[in-house]
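Hello,

Here is the structure I promised to hand over. Please open it first, then read my notes below.

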Amino acid sequence: MVRAAIVLAGGRSVRMGADKLGLDVGGLSLLAAVCRAAEAWADRVVVAGPPRELPYEFVSEEPPYGGPVAGIAAALAVIDAWEVMVLAGDLAAPGCVVEALAEAEAGADGVVLVDEAGWPQWLAGRYLHASLRLALRNAPRVRD
């Protein structure tokens, strides 16, 4: 069974005022750390966002800076996998997130992590490809 990971990296880091995906975390950029963690589970890692000098496949969202839905849609267009892990590119502890998702029991459509306040973290999830594609059909396209 083929598994793929989508890493969302299309934001502009406006609130932070600097490129947060380029921040150094243990000798790797934050984005590289997330991609490397995704490789522990996925057969293929696709990054949705502007290309960077990293050894991963990049796809451009349409429209540029179109938000997570646009990024997921762009990546799904090139992925043929049974299961898809969706990860925000700015996860602080990506290894822990990937491990938790890999070990979690999925429901009919997949599984997402839930934070301490009880909020589902949709950008830390593992989904069936078909279910994710179906959910995207009616999802709003918003700018971040």
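**What was found**

In β6, Ala 88 is the bridge partner of Leu 8. Keep in mind that this is a predicted model.

That bridge belongs to a longer pairing. Strand β1, residues 3-8, runs parallel to β6, and the two pair over six bridges. β6 also pairs with strand β8, which covers residues 120-128. Here the sense is antiparallel, with five bridges. In this pairing, Met 85 stands opposite Arg 126 of β8.

Now look at how β6 sits in the structure. The strand covers residues 83-88, and six of its six residues are buried, so β6 is largely enclosed by the rest of the structure. Both of its faces are covered. On one side, Glu 83, Met 85 and Leu 87 are buried.

Next, the helices. How do α2 and α4 cross? Helix α2 spans residues 68-76 and helix α4 spans residues 129-137. Their axes come within 11 Å and cross at roughly 130°. The crossing is left-handed.

Which residues make the contact? From α2 come Val 69, Ile 72, Ala 73 and Leu 76. From α4 come His 129, Leu 132, Arg 133 and Leu 136. By class, the contact of α2 with α4 has six nonpolar residues, one polar and one charged.

Best wishes

Note on methods. Residues numbered from 1 in each chain as written. Predicted model: local features only at pLDDT ≥ 70, side-chain atom pairs only at ≥ 80, totals over all residues. Heavy atoms only, no water. Buried < 20%, exposed > 50% of the residue type's maximum accessible area, 1.4 Å probe, protein only. Helix = DSSP H or I, 4+ residues; strand = E, 2+ residues; numbered from the N terminus. Pairing = 2+ DSSP bridges. Axes fitted to C-alpha atoms, helices over the stretch in contact; angles between N-to-C directions. Left-handed = near helix turned anticlockwise from the far one by under 90°. Contact = heavy atoms within 4.5 Å. Nonpolar A, V, L, I, M, F, W, Y, C, P; charged D, E, K, R; others polar.
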